[in-house]
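User: I am new to this structure and would like to go through it step by step. Could we begin with the open spaces and then move on to other features?

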Amino acid sequence: MKSHQELNSLALRTRRQLGEDGYSPIDIFALVNGWTDKKITVVRYPLSERISGMCTRVGEDVVICINSRSSNGRQRFTMAHELYHILYEDKMDRVICGMSFSGNKSDSEKEADQFASYLLMPYDALLQYAERFKTWDLKNIIEAEQFFQISHMAMMLRLQTDGLLTEKDASKYQGITVSREASKLGYSKDLYMPLPENRQYFTTGEYIRKVEKLSEEERISDGKKDELLLDSFRADIVYNLDEEEPDLND
Ligand SMILES: [Zn+2]
């Protein structure tokens, strides 16, 4: 199994490839959707509770499926986890990843989890962030997970892995409803919630670009284009739904 140092280095390398520095929070969905040379299609789909995500490679094309029933924080973590399988595992054709962080996990799954944690929150980034306070109490934990936009569970595991929080101290915060605690500190609950049901089926990235290109080159009819977009849950494109008001949402 790769060491934590190696996985942190890979995470930093990936950030560099994406044009990101080693300290800032990243918008992982926007970065992956726009990573045109990797040809990645992202499908958000409500999967079984036991599955966090899946990825499949067919030739040059990659499909990442994210369980949209999980919280936004967890979806971001899953996206970073799936990237590890795609970028750093040669033999990967099809992987299905479990929701649980614990249990009997393969080295590949453990590595992907650790990589995801470092991609969203590099080792030095967390240390530098923690310079502003003395102890990892619940308020500081929530502020940090909000800053890096990482799930509460992933943050708690990371603090223990890096030796910043003892198991005993971590156990004090078990049983709390983190979204309520975050609300009291003035944050929205979005990080801890899934998407609304009407956004749980959604495709972005390479597939949409391919359909648009085929249509532009007149290799498919307008009807076929609409059909392909509807197949990928993009009625919003076909029917111009959710069009933003000019100026208002820019
Ligand atoms: Zn996995």
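User: How much space lies in the second largest pocket?

Analyst: The model is a predicted one. In it, the second largest pocket holds about 340 Å³ of space. This pocket is lined by 15 residues, and those closest to its centre are Phe101, Asp113, Gln114, Leu157 and Thr161.

User: Which helices each supply at least two residues of that lining?

Analyst: Helices α4 (107–120) and α7 each supply at least two residues of the lining of the second largest pocket.

User: And what is that lining made of by class?

Analyst: The lining of the second largest pocket has five nonpolar, six polar and four charged residues.

User: What about the largest pocket, how much space lies there?

Analyst: The largest pocket has about 580 Å³ of space. It is lined by 25 residues, of which Phe101, His152, Met153, Met156 and Leu157 are the closest to its centre.

User: Which element gives the largest share of the lining of the largest pocket?

Analyst: Helix α7 gives the largest share, with five residues. Both α7 (152–161) and α8 (167–172) supply at least two residues each to the lining of the largest pocket. By class, that lining has 12 nonpolar, 10 polar and three charged residues.

User: Where do histidine 85 and cysteine 97 sit in the chain?

Analyst: Histidine 85 belongs to helix α3 (residues 72–88) and cysteine 97 to strand β4 (residues 94–98). The pair is 12 residues apart and links distant parts of the chain.

User: Are those two buried or exposed?

Analyst: Histidine 85 and cysteine 97 are both buried.

User: Now the backbone. What is the phi of lysine 39?

Analyst: Lysine 39 has a positive phi of about 50°, although it is not a glycine. Most residues other than glycine have a negative phi. Lysine 39 is found in the loop between α2 (28–33) and β1 (40–45), and it is partly exposed, with a relative accessible area of 24%.

User: And what is phi for phenylalanine 233?

Analyst: Phenylalanine 233, a residue other than glycine, has a positive phi near 65°. Its place is the loop between α11 (222–231) and α12 (235–238). Phenylalanine 233 counts as partly exposed because its relative accessibility is 31%, between the limits of 20% and 50%.

User: Why does asparagine 140 count as buried?

Analyst: Asparagine 140 counts as buried because its relative accessibility is 8%, and buried means under 20%. This residue is in helix α6 (residues 138–148). Not counting residues up to four places away in sequence, asparagine 140 touches Phe133 and Thr135.

User: Last one: where is aspartate 107?

Analyst: Aspartate 107 is in helix α4 and is partly exposed, with a relative accessible area of 39%. The C-alpha atoms of aspartate 107 and lysine 2 are separated by 8.4 Å, while the two residues are 105 residues apart along the chain.

Terms used: Residues are numbered from 1 along each chain as its sequence is written. This is a predicted model: local features need pLDDT of at least 70, side-chain atom pairs count only at pLDDT 80 or more; totals for chains, interfaces and linings use all residues. Side-chain values use heavy atoms; hydrogens and water are left out. Helices (H or I, at least four residues) and strands (E, at least two) are DSSP runs, numbered from the N terminus. Buried means under 20% relative accessible area, exposed over 50%, partly exposed in between (1.4 Å probe, protein chains only). On a 1 Å grid over the protein atoms alone, a cavity is a set of points where a 1.4 Å probe fits but cannot get out, and a pocket is an open set with protein on both sides within 12 Å along at least five of seven lines; lining residues have an atom within 4 Å of a point. Grid points are joined across faces, edges and corners, and a volume is the space filled by probe spheres set on the points. Ala, Val, Leu, Ile, Met, Phe, Trp, Tyr, Cys and Pro count as nonpolar, Asp, Glu, Lys and Arg as charged, and the others, Gly among them, as polar. Contact means heavy atoms within 4.5 Å.
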